[in-house]
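Biologist: I would like to learn how to read a helix and its surroundings in a model. Please take me through the features one at a time.

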Amino acid sequence: MGIGSGIFLIAVGAILTFAVRANVWWIDLRAVGWVFILAGFAVLLISMWYWQDRRRRARTLIVEENRLSHPTSMMPPPPDPPPPTTPGSPPQ
């Protein structure tokens, strides 16, 4: 459902309410027309609220900042890795 569906429901409801002059014994066309008009307005409001909410979320800027829990000047440098050894050579 969307804005087009809401406008369609409002149009059909207005036609049933104001333009159709048929006298059907088992249903009140004017009441059905008003129900369609109200449902169309509800669909319009819900879809506009939904899209407004999405626009607001799309504009949100997410900034991620990484900070170390301690200054780097206080940390000792990492130890040097051991020299590579080949199999069969004597350990140093």
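Biologist: Which residues of helix 1 are buried?

Modeller: Buried means under 20% relative accessible area, exposed over 50%, and partly exposed in between, with a 1.4 Å probe and protein chains only. In helix 1, the buried residues are Gly6, Leu9, Ile10, Gly13, Leu16 and Thr17. They lie on the same side of helix 1, because they cover an arc of only 135 degrees around the axis. The arc is that of the directions from the helix axis to the C-beta atoms. On the other side of helix 1, Gly4, Ile7, Phe8 and Ala19 are exposed.

Biologist: What are these values based on?

Modeller: This is a predicted model, where local features need pLDDT of at least 70, side-chain atom pairs count only at pLDDT 80 or more, and totals for chains, interfaces and linings use all residues. Residues are numbered from 1 along each chain as its sequence is written, and side-chain values use heavy atoms, with hydrogens and water left out.

Biologist: How many helices and strands does the protein chain have?

Modeller: Helices (H or I, at least four residues) and strands (E, at least two) are DSSP runs, numbered from the N terminus. The protein chain has two helices and zero strands. Helix 1 has 17 residues and reaches 23 Å from its first C-alpha to its last, close to the 24 Å expected at 1.5 Å a residue. The expected span is 1.5 Å times one less than the number of residues.

Biologist: Which residues does Thr17 touch?

Modeller: Contact means heavy atoms within 4.5 Å. Not counting residues up to four places away in sequence, Thr17 touches Arg30, Gly33, Trp34 and Ile37. Thr17 has a relative accessible area of 0%, so Thr17 is buried.

Biologist: Now Ser47. Is this residue buried or exposed?

Modeller: Ser47 counts as buried, because its relative accessibility is 7%. Ser47 is found in helix 2, residues 29–58. Leaving aside neighbours within four places in sequence, Ser47 is in contact with Gly2 and Ile3. Ile3 belongs to helix 1, residues 3–19. Ile3 is partly exposed, with a relative accessible area of 41%.

Biologist: And the chain as a whole: what share of its residues count as buried?

Modeller: Of the 92 residues of the protein chain, 15% count as buried. Among contacts between residues at least 6 apart in sequence, 57% join residues at least 24 apart.
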